[in-house]
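Dear colleague,

I am passing on a structure that I would like you to look over.

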Amino acid sequence: MSCFEGFKSDLRSIPELYQGCESVLDAASPEAERVSGTPSFGIKLNTAAVDARDMVRARLRAWSELVRTERGCGPSSPSVTAMAAFLRLHADWLCGHHAAVDAVAEMAETAAAARRVVNPSGVRKFRVSRCVVGDCEGELVATVQAGSDRLPGEVRCDASAEHVWSAYQWRELDRRASQRHEAGAAWLTPGEVAVLCQTSMSNVYRLASEKSWRRRTNGRRVLYAKADVLASVA
């Protein structure tokens, strides 16, 4: 399946996954947390399901706003179904946008997060940093067993199967990632901007468009001038 097909497939499945998360919001899950002002009464909520639903709505809304800002049109309503359908309609345009890599990645991550709530797998995955190998454009993804406080069992590049590090290589990998970050400190990836501004990736692209941040590309990855980003934050 191509990235484009995967993107549309994720957008097609997200509304159903969103509804699936709603069905596990109650106390049946071990992730449930009591929400109440008293110790003996209250509604127990599955916090993982709440977080997944919040992520779905926030990311669909942010990418829809990016399309609205640059194309002058928006979804028919703010519902998850309408926003997902709207983004599918504009999938060709989004996949040709300089934010395409992150649009595809965020929708895949969002669908996966909701899917883990609906069908728990016991494994967590999260992005760590850009790949440290040469000019590789991939992102490093760490895999951790659920409930484990240990270092990731494996860190793998999402662009090359040959770029993989086991647990005992984690500290060396962390050192190389830090060195690479310092070498490119004048420019920030969208992910780094998202952390700095405490916002979503899709909002990063909207802000970049609105604030006219200087940008350059490294292969298919866009980088933003750190000075412009900091000026906007200030």
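This is a predicted model: local features need pLDDT of at least 70, side-chain atom pairs count only at pLDDT 80 or more; totals for chains, interfaces and linings use all residues.

Residues are numbered from 1 along each chain as its sequence is written, and side-chain values use heavy atoms, with hydrogens and water left out.

Helices (DSSP runs of H or I, at least four residues) and strands (runs of E, at least two) are numbered from the N terminus. The axes of helix α2 (residues 47-71) and helix α5 (residues 100-118) come within 9 Å and cross at roughly 155 degrees, the axes being lines fitted to C-alpha atoms, for helices over the stretch in contact, with angles running from 0 to 180 degrees between N-to-C directions. That angle makes α2 roughly antiparallel to α5 (over 145 degrees; under 35 is roughly parallel, 65 to 115 roughly perpendicular and the rest oblique). By class, the residues of the contact of α2 with α5 divide into twelve nonpolar (Ala, Val, Leu, Ile, Met, Phe, Trp, Tyr, Cys and Pro), one polar (the others, Gly among them) and four charged (Asp, Glu, Lys and Arg).

Helix α8 (residues 201-211) has as its buried residues (under 20% relative accessible area, with exposed over 50% and partly exposed in between, for a 1.4 Å probe and protein chains only) Met-201, Ser-202, Asn-203, Val-204, Tyr-205 and Ala-208. These buried residues pack against α2, α5, α7 (190-197) and β9 (221-225). The axes of α7 and α8 come within 9 Å and cross at roughly 95 degrees, and the two helices are therefore roughly perpendicular to each other. In this contact, Pro-190, Gly-191, Val-193 and Ala-194 of α7 meet Met-201, Val-204 and Tyr-205 of α8.

Tyr-205 and Tyr-224 form an edge-to-face aromatic pair, with 6.4 Å centre to centre and 65 degrees between the planes (ring centres of Phe, Tyr and Trp, its six-membered ring, within 6.5 Å; planes over 60 degrees apart are edge-to-face, under 30 stacked and the rest tilted). Because Tyr-205 lies in helix α8 and Tyr-224 in strand β9, the pair ties together parts that are 19 residues apart in sequence. Tyr-205 is buried, at a relative accessible area of 2%, and Tyr-224 is buried at 1%. Ring pairs link Trp-63, Tyr-205, Trp-213 and Tyr-224 into a cluster.

How values were computed:
Contact means heavy atoms within 4.5 Å.
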